[in-house]
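This report describes aromatic pairs and a strand. The sequence and the structure are shown first.

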Amino acid sequence: MTATQIHTEKAFEEAIESHLLENGGYIKGDPAGFDRELALDKGVLLGFLKETQPDKWEKSVSIHGDAAESKVMRRLVDEMDNRGMLDVLKNGFTDHGVRYSAAYFKPASGLNPDTQRLYGLNRLTVTRQVKYSLRNENSIDMLLSLNGLPVATVELKNQFTGQDVGNAKRQFMFDRNADELLFRFKKRALVHFAVDTDEAYMTTQLKGKATKYLPFNRGCNGGKGNPHNPDGYRTAYLWELWEKDSWLDIIGRFLHLQVQKYDIGDKSVKKESMIFPRYHQLDVVRKISQDTKLHGAGKNYLIEHSAGSGKSNSIAWLAYHLSSLYSSDEKRVFDSIIVITDRRVLDKQLQDTIYQFEHKQGVVQKIDKDSKQLATALSTGTNIIITTLQKFPYIIDKIDDMPARNYAVIVDEAHSSQGGKSSEKMKEALSVIDMENLSKENSEKYEGEKGYSNNNNNNGIDDAETDNDDDSEDQIRKVMASRGPQKNLSFYAFTATPKSKTLDVFGTENADGKKLPFHLYSMRQAIEEGFIMDVLKNYVTYKTFFEISKTIEEDPDLNKKKAKRAVARFVSLHPHNIAQKTEVMIEHFRQVTMKKIGGRAKAMVVTSSRLHVVKYKQEFDRYLNEKGYNDIRALVAFSGTVTDDYNNSFTEPAMNGFSEKELPDKFNTEVYQLLLVAEKYQTGFDQPLLHTMYIDKALSGVKAVQTLSRLNRTYPGKEETFILDFVNNKDDILESFQPYYQQTSLTESTDPNLLYDLKNRLEATQIFWQSEVDNFCNVFFRSSRTHNKKDSARLNAFIDPAVDRYKGIEKEEEQEDFKHTLTVYTRLYSFLSQIMPFQDIDLEKLYAYGRMLLKKLPRKDISDILKLDDEVALEYYRLEKISEGSILLQNEDGELESASEAGMRKEKEELAHLSEIIKILNDRFGTNFTDADWLFFGQIEEDLVADEKLSQQAKSNTINNFKFGFDDLFIKKLVARMGQNEEIFARIMDDKEFETQVKDILMRNVYKRLNEQEAAEA
């Protein structure tokens, strides 16, 4: 191979093939042997059947004579068309009473030599450049087949040629017809890989541009992607997984068809999905199985997998693998696998999944009756038992009474702390555990376990009604600690948010003596891979919300009368007044949130007690009725009965008008938009339409992470979330999230005027014309009913001239500056529109146009995919259109950049000279202002210095004349900042002499600074 060849896609293809032939147990397939009509390799398949099942083949010959090959082949094809190829591979096919095996999978134990021999006769082929179509000569880069039956297709790209995995994905989406037999869902190839030298993605169903790809990457430094491989390609792990033993294990014991049924009206709809494990799912099951095989029963494992990790499938695969796990001396490691979960859907999913692997009933039993049923299942050695947290102590007791049996307990705590009767019963059952009376060793290890202080301000509410951090995770750990380690019992605990004490019990000790999770799939990786939302991207404290709202109110260019009236209401708000907070929340929900996700977005209000929920519900209903807002309805979620100061009693069912069990389904309808909660549903509640959260409760630690994570579920059209927090500060939230997410950013207060500064800079480049922006938006925001097939082309036509002008810029620095400025503009507008709805249509037009323009500008990283014709995105943007032409669009991925990074002027921090204000005021008026109050005076001074009109007056007037213009502006700036320091504001307003002194000092400072600036500039 010459030097010019080693950088090509062909070289990449040859490297993979070479590995599979030399190390993977494959044989080289002949592309000419691929039958396009049947989409399989008949020669390899028939050779396999004749070699492995000669007696059966003789029977087929006696039945069909010379037509045996064509008849058996036709029957096989019919079976694959009817049942699907995966089912045929696992369970074979029957022709005229002759039952054939289509593949042999490695037995769990080595006790049967014949099964080992047959396993060795499987024929894995790797075939390159396979022409698959009867319509054209298109070819797939690589085809992996098992006994002639196609299992996986692969499209390869090499970045050295200017293409990457994004091109491979697009090739599958737009150049590979999903109707071709090879790509037809279930019928032939079961998985499709898009691969380059750095990353890998896979899908199990081609759907054209609607194809959904999942990353199949290992993760890198806690995030997405793959780590550096000093020995070669970053994606080399992939073809190592394709090696014979690994690949057949994946096909036989991981791949399965998931069937979900939905009742829509009188009809029942069935949805089928081929489930192929993501890398971390495959990795955790294999590593746990290998470690358990090595160490046997009696060891604990902590699996820290973020929400969005596909935990249900991971648990199902692990339960199945552990149930069929044999030690090195060919003995089963566990007699039974016990899965502890409160998820109602998991038992059905487990049974369906494992039935496909075992093809027999009775492997999985759900304990849904009484303890006698559980005792029977344990005593008879049922392979997999599913039960609830309430029965957990009984399980431990029962296991103690059954000697010489080993058990694996898989704990799924993700949905276990929902409050309500279920949680109450669990706590009641475990209340006999007294941590103070444990052994000295355990009592020292779990000191302080009985309760935790979360620094909540309960406002006089009884402790029984406030947050209890003693959740199911703690309860399970307590039971374990009270019983002590047991050699016949292994625990496998799945959690997204382990506490330190959980790590202490379940964690694996490293060489330094530190306890760590046995396996990790981080929150950061889940966010970066697109499986959950980053709930901290738009996290705004009440103070920040107030400051930005005030700034917007001051600027007539940004707002029409309607928006200014809305802002005016916020000025007098007091953070502990339920009525005023209610107004903030409802008005924000109406103006911003309810337009999101195509008008389907919902919000949750987190309160500090059950009584707060009752009061908020009463105030919400009163306010909505007073305003005539008939399109918003609120529900409550709390446990038990609440009594107010007047001895009135309230329950959740009475306030909602239906039972507790109905709430999730009712809230999922379009009738209800807001859910007011107290502890209940702060954890373990999955509602992907939740977009916004209003927090009126002190949160910290794992409880903060669990609560805010209610927003992180993805949904079509949901591109961001929003949190407005009345109580907590950003540093506390950051500290809570940091252990679970490596890179977190929280938004600081931002000046909306930056939007106009950025817009002016962009327009000055003349890269885009206003007429192009207007024409683009006329098409983009038109009703979907009037859209036609040409509109996508028209959008491109209005953007392409700007792209050409951008390309025509000779200096790369100027190009990057424009792109950077436009990126900052779109991010800043998206963030600020979460807080107040802008009524300036030009800002909105530039945002919509700018987002699409950024997608078409040349990129250094060509992995980003342009989808201008993404009908789903256009649909949701159109649905968010509000009156007066504004549309509240969602965030792009990425963090907001500070004003200084955008090239804007950064506020100066020349506050030292302000000490004279503090000293003079304290000495003269007996006040006790401290250095901390510098900030208030300093911000007012900076506002005045930044005013251009005042700057001109300072440069052209004496200080005596300057005073007249200064007085008016001083009052405006003071009012704008009044919410930051009400004590100083009140003193200035009530004490004329005090006001005169403050104003005089500030006026002299401002006048001096403005004239010094002029001298410096001259």
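Which residues do ring pairs link into a cluster? They are F193, F216, Y237, W242, W247, F276 and Y279. Rings of Phe, Tyr and Trp (its six-membered ring) pair if their centres lie within 6.5 Å; planes under 30 degrees apart count as stacked, over 60 as edge-to-face and the rest as tilted.

This is a predicted model, where local features need pLDDT of at least 70, side-chain atom pairs count only at pLDDT 80 or more, and totals for chains, interfaces and linings use all residues. Residues are numbered from 1 along each chain as its sequence is written, and side-chain values use heavy atoms, with hydrogens and water left out.

The structure holds 36 aromatic pairs. Two of them are listed here.

| Pair | Centre distance | Plane angle | Class |
|---|---|---|---|
| F193 and F216 | 6.0 Å | 75° | edge-to-face |
| F254 and W317 | 5.5 Å | 55° | tilted |

F193 and F216 are both buried, as are F254 and W317. Buried means under 20% relative accessible area, exposed over 50%, and partly exposed in between (1.4 Å probe, protein chains only).

Strand β24 covers residues 602-607. Helices (H or I, at least four residues) and strands (E, at least two) are DSSP runs, numbered from the N terminus. Six of the six residues of β24 are buried, so the strand is largely enclosed by the rest of the structure. K602, M604 and V606 point one way, and A603, V605 and T607 point the other way.
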